[in-house]
Amino acid sequence: GQFFAQQQLLRGKKVLVTAGGTVERIDPVRYLTNDSSGKMGFAIAEQARLMGADVTLVVAKTSAAIPTGMQIVRVESTLDMMEAVLSRLPEQDLIIKAAAPADYRPVERAEQKIKKKEEELTLTLVKNPDILQAVGERKTPKQFVIGFAAETHNLDAFAMDKLKRKKCDLLVANDVTAEGAGFGTDTNVVKIFDQHGLLEAPPMMTKAQVAERLLTLAAERLAKGEG
Ligand code: CTP
Ligand code: CA
C-alpha cells in the first residue's frame, strides 16, 4: 500500500547527509563555531533510512542525539568535512548538505594555549572552501544534490543565487529569524526552490515532516533520472 511504497522510495540508493556546525580551532582549548544543532540533517538522515536508503551521515558539532542505523563520520572543521564528503562522493546517488560549515577559519592554529597579554587581540580569519559548490562542480548528471540556505533577509533572491551558483537540484531556504524556524527548534518554515524558481512554500512543519516532503520530491526526481 501507500505506506510500504513510501518506505521503499529510496531503496538501494546511497544517500550522504551532512549535519551540524563545523568547529575551527584557534588553539588547543578554543574554537569558533555557530548555533547549528544538527537536527534538520538528522531528521533527513533518519527519514532516508526509513525510506530504505544506505545512509552516510557526516556530522560536525551537534547538540542533538545522533541517529543510529547508518554510517556515521565525525568531523571537526570545514576542511575535514570537505575531505569526508568529496572522498565519498562518487558512489552517492543523493547528497544533502544540511550542515552549517564555518565560512572562515583562523589563518593559523596556535600549537599552545594563547596567553593573555595585550588589551586587544586580533584574530585573522581566512575563507573556507565551499563544500556544496565543490560537490555541484563534480557531480555527474545522475547524482542529485540538495542544498540549504539560512537567511535573515532577501530570502528568495539569495536562495536562487545559491542554487544556481552551487548547481543544486533543489534548495531549501529558511528564514532563521522566523517563529518556529531555524537553529535548535524541532519545527521549520521552509521554501523549496528548483532551477525554475519557487517550487513549494509549505506552512510550518516539524523537521521530520520537512525531511519526508523533501526526500519524497528528491526520490521522484531521481526515479525520473532528473539528477
Ligand atoms: N556550505 C558549504 N560549505 C561552506 C559553506 C556553506 O557546503 N563552506 C553549504 C551549506 O551546507 C548549505 C549551503 O552551502 O547547504 C548554504 O549555506 P549558507 O551558509 O546559507 O550560504 P553561504 O554560501 O555560506 O553564504 P552566506 O553564509 O554568506 O549567506
Ligand atoms: Ca555560510
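Analyst: One term to begin with: two residues are in contact if their C-beta atoms, placed from the backbone, lie within 7 Å. This is a predicted model, in which local features need pLDDT of at least 70 and side-chain atom pairs count only at pLDDT 80 or more, while totals for chains, interfaces and linings use all residues. Residues are numbered from 1 along each chain as its sequence is written, and chains are lettered from A and ligands numbered from 1 in the order in which they are written.

User: How many helices and strands are there in the protein chain?
Analyst: The protein chain has six helices and 14 strands. Helices (H or I, at least four residues) and strands (E, at least two) are DSSP runs, numbered from the N terminus.

User: What covers the buried residues of α4?
Analyst: The cover includes α3 (78-88), β6 (94-97) and β9. Buried means that 20 or more other C-beta atoms lie within 10 Å of the residue's own; 12 or fewer is exposed, and in between is partly exposed, with C-beta atoms placed from the backbone.

User: Which residues of α4 are buried?
Analyst: I131, L132, V135 and G136. They are on the same side of α4 because they cover an arc of only 135° around the axis. The arc is that of the directions from the helix axis to the C-beta atoms.

User: Why would residues a few places apart point the same way?
Analyst: An α-helix has 3.6 residues a turn, so residues three or four places apart point the same way.

User: And which are the buried ones in α3?
Analyst: T78, M81, M82, A84 and V85. Their arc around the axis is only 165°, so they too sit on the same side of their helix, α3. They pack against β1 (14-19), β4 (54-59), β5 (71-74), β7 (104-106) and α4.

User: Take M82. What is it in contact with, leaving aside neighbours within four places in sequence?
Analyst: M82 is in contact with P129, I131 and A134. M82 counts as buried because it has 22 C-beta neighbours inside 10 Å.

User: Switching to the ligand. Which residues are closest to ligand 1?
Analyst: The shell around ligand 1 has 14 residues, and the closest are K97, P101, I131, L132 and F148. To count as near, a residue needs its C-beta atom, placed from the backbone, within 6 Å of the molecule.

User: What gives the most to that shell?
Analyst: β9 does, with four residues. Both α4 (131-138) and β9 (144-151) supply at least two.

User: How many are nonpolar, polar and charged?
Analyst: Seven are nonpolar, three polar and four charged. Ala, Val, Leu, Ile, Met, Phe, Trp, Tyr, Cys and Pro count as nonpolar, Asp, Glu, Lys and Arg as charged, and the others, Gly among them, as polar.

User: Which residues touch the most other members of the largest nonpolar core?
Analyst: V17, I44, A48, M81, L171, L215 and A218, out of 56 residues in that core. Helix α6 (residues 207-223) brings the largest share, seven residues. A nonpolar core is a set of buried Ala, Val, Leu, Ile, Met, Phe, Trp, Tyr and Cys residues joined through C-beta atoms within 7 Å.

User: What does I44 contact, leaving aside neighbours within four places in sequence?
Analyst: V17, I96, A98, A211, L214 and L215.

User: And N34, where does it lie?
Analyst: N34 lies in the loop between β3 (30-32) and α2 (39-50). With 16 C-beta neighbours inside 10 Å, N34 counts as partly exposed. Beyond four places in sequence, N34 is in contact with G21, A100 and A102.
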